[in-house]
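Subject: Structure for your files

Dear colleague,

Please find the structure below. My notes on it follow.

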Amino acid sequence: MASNAAVPFWRAAGMTYISYSNICANIVRNCLKEPHKAEALTREKVHFSLSKWADGKPQKPVLRSDTPEI
């Protein structure tokens, strides 16, 4: 293989594609005008639940609500 193969700039910067994608999405959301900006920011929120497992059975799930920090 050639050692001078083209590398995406996000990989050359030591980032993953997901982190690069999140940064780009955040920039686009912040450039929007109202009311589209407020609508896009509400869709940015992430909701999920976590369940710890003990003795092969799931424990009570914990609901989490996180927003990306960029």
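Helices here are DSSP runs of H or I with at least four residues, and strands are runs of E with at least two. On that basis the protein chain of this predicted model has three helices and four strands. Their order along the sequence is α-α-α-β-β-β-β.

Some totals for the chain: of its 70 residues, 6% count as buried. Among contacts with a separation of 6 or more, 10% come from residues 24 or more positions apart.

On the aromatic side chains, rings were paired when their centres lie within 6.5 Å. The count comes to three aromatic pairs. In one of them, Phe 9 and Tyr 20, the ring centres are 5.3 Å apart and the planes stand at 90°, so this pair is edge-to-face. Phe 9 belongs to helix α1 (residues 9–12) and Tyr 20 to helix α2 (residues 17–31), so the pair ties together parts that are eleven residues apart in sequence. Phe 9 counts as exposed, at 57% relative accessibility, while Tyr 20 counts as partly exposed at 22%.

Trp 10 and Tyr 17 also form an edge-to-face pair, at 5.4 Å centre to centre with 65° between the planes. Trp 10 has 15% relative accessibility and counts as buried, as the cut-off for buried is under 20%. Tyr 17, at 46%, counts as partly exposed.

Taken together, ring pairs link Phe 9, Trp 10, Tyr 17 and Tyr 20 into a cluster.

Regards

Technical notes: Residues numbered from 1 in each chain as written. Predicted model: local features only at pLDDT ≥ 70, side-chain atom pairs only at ≥ 80, totals over all residues. Heavy atoms only, no water. Buried < 20%, exposed > 50% of the residue type's maximum accessible area, 1.4 Å probe, protein only. Contact = heavy atoms within 4.5 Å. Phe/Tyr/Trp six-rings, centres within 6.5 Å; stacked < 30°, edge-to-face > 60°.
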